[in-house]
Amino acid sequence: HWRTHKMSQTKVEAPFVEGGGGTNFKNLIINGNFDIAQRSTSAVTAGNGTYTTVDRWKTFTGNLGGAYTTQQKTNSLADNATTGQQRYLEIKCTSTDSSVDSNAYSMVRQHVEASPYLQSKLRYGTSDAQKLTLSFWIKTNLTGTHSMSWYYNGSTDGGTTYYYPFNFTVSSADTWEKKIITIPAPPTSYGSINVGATAATGGLLNINLQIGANYQDPAGSWTGNVAYASEDVPNFFTSTDNNILITAIQLEVGDDASDFEYIPFDVQLQRCMRYCNVMNGVGGGNYGTLAPGYVTASTQGYFTVVHPVPMRAAPSESTSADSDFVLADGSGSSIATTGIAVNQGGTDRTLILATVSSGLTAGRGSAMLFNNKTTATLTLDAEL
């Protein structure tokens, strides 16, 4: 169920063209060309279940002796002409692991949100269930067979996951190649996509790096086993020279690959902000205002952060450091915060409780500011 094309040119289309899924926003993958990287554009060591660099792409790792980084990178003009993309994701081995544990798993993945929209597109569980076509550009030193997988949460028994592992071949080392893979519809008996309140992830695409024998099944067949990859999956962690560069990932309804759908940067950013919003001091000055609020005691105040777009769920928060912020009240003084926490979360706004050691006056209006530090960040996270 796969076929490979090696290309030197690609046609660039106008934004929002028809094709594949037959509608605008045909790509089920968000940020498939890795334009958005709110958290970091530098190389960051991957963790288990962490989002650290490019938006919507999660690292998932267990029983791994090696290590790797992910990073947003910029193409050369020549490579841009080949792939049609300015940016790509670099996955780089930084520590080796030659012995693959049978329960090992390591991949970069995107969770596709469970929604009535996704089910209406794919129609899983019906006689009209749709095929999917995955296309992408890849450049790696590792030639030969590679393995990826698509899975979804079925509704037949309350949300069993069903996997479709598949292979593709890299023909030439360190050369951009375009890959196209058709994913057949699952058996009707697997049921529709579980869009209930407990099923946040409807589908999931895995870019596999190392998968142990207990998570392997034959390529090209649907299975109810947890099968991240086929038995043909290579071990990415044999050398620190190993790397995978990938871009223009598109997953669309139908059995033909259309040209990559270009989405304006601001629209793509808003789509990513449904899941993550990183606020920093850049653009607003070193003491830029983060949120207005009011003081309730000498050591605390409440501040409302209005989300740029509605978030998927009430978010959690994290900061670069709690001391990277100050509270200012009517006295004109600015006092460094000692703690920041979500007091009440919602999809359209979040109420933050910020604390200081002393010095505030209850009853006064206040503002939370960045503490003369453009690298300060406050992150609201509603990721899958």
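The side chain of T53 makes a polar contact of 2.9 Å with the side chain of T70. A polar contact is a pair of N or O atoms within 3.5 Å; within protein, one must be able to donate a hydrogen and the other to accept it, and residues adjacent in sequence count only if both atoms are side-chain atoms. The model is predicted: local features need pLDDT of at least 70, side-chain atom pairs count only at pLDDT 80 or more, and totals for chains, interfaces and linings use all residues. Residues are numbered from 1 along each chain as its sequence is written, and side-chain values use heavy atoms, with hydrogens and water left out.

T53 lies in the loop between strand 2 (44-45) and strand 3 (58-62). Helices (H or I, at least four residues) and strands (E, at least two) are DSSP runs, numbered from the N terminus. T53 has a relative accessible area of 1% and is therefore buried. Here buried means under 20% relative accessible area, exposed over 50%, and partly exposed in between (1.4 Å probe, protein chains only). Leaving aside neighbours within four places in sequence, T53 is in contact with A37, Q38, R39, S40, S42, V44, T70 and Q71. Contact means heavy atoms within 4.5 Å. T53 and G84 are 31 residues apart in sequence. Their C-alpha atoms lie 22 Å apart in space.

E383 sits in the segment after strand 22. E383 counts as buried because its relative accessibility is 10%. Its side chain joins that of R56 in a polar contact of 2.6 Å. Not counting residues up to four places away in sequence, E383 touches R39, Y51, R56, Y275, C276 and R312.

S172 is placed in the loop between strand 9 and strand 10 (177-183). Its relative accessibility is 22%, so S172 counts as partly exposed. S172 and G144 are 28 residues apart in sequence. In space, 8.5 Å separates the two, C-alpha to C-alpha.

Strand pairing was assigned next. Strands of a sheet pair through backbone hydrogen bonds, either parallel or antiparallel. Two strands pair if DSSP finds at least two bridges between them. An open sheet of five strands has the order 3-6-11-8-9, with antiparallel pairing. Its edge strands are strand 3 and strand 9 (161-170), each of which pairs on one side only. Neighbouring strands of this sheet are turned by 25° against each other on average, direction ignored. Axes are lines fitted to C-alpha atoms, for helices over the stretch in contact, and angles run from 0 to 180 degrees between N-to-C directions. Within this sheet, nine bridges join strand 6 to strand 11 (residues 201-211), and the two run antiparallel. V108 stands opposite I207 of strand 11.

A second open sheet has three strands in the order 13-22-16, with antiparallel pairing. Strand 13 (276-280) and strand 16 (316-319) are its edge strands, each pairing on one side only. Strand 16 and strand 22 (residues 377-381) run antiparallel and are joined by four bridges. S318 has T379 in strand 22 as its bridge partner.

Strand 14 (residues 289-297) pairs with strand 21 (residues 365-370) in the antiparallel sense over five bridges. Y294 has G365 as its bridge partner, and P292 stands opposite A367. Strand 14 also pairs with strand 15 (residues 300-306), antiparallel, over four bridges. These two strands form a hairpin with two residues between them. A297 stands opposite Q300 of strand 15. Strand 21 pairs with strand 17 (residues 325-329) as well, in the antiparallel sense over five bridges. There, D329 has S366 as its bridge partner. Five of the six residues of strand 21 are buried, so strand 21 is largely enclosed by the rest of the structure.

The largest pocket holds about 380 Å³ of space. On a 1 Å grid over the protein atoms alone, a pocket is an open set of points where a 1.4 Å probe fits, with protein on both sides within 12 Å along at least five of seven lines; lining residues have an atom within 4 Å of a point. Of the 17 lining residues, the closest to the pocket centre are I30, E113, R271, R274 and Y275. Strand 6 (105-113), helix 2 (116-122) and helix 3 (265-273) are the elements that give two or more residues to the lining. Strand 6 provides the largest share, four residues.

Definitions and conventions:
Points joined across faces, edges and corners; volume = space filled by probe spheres on them.
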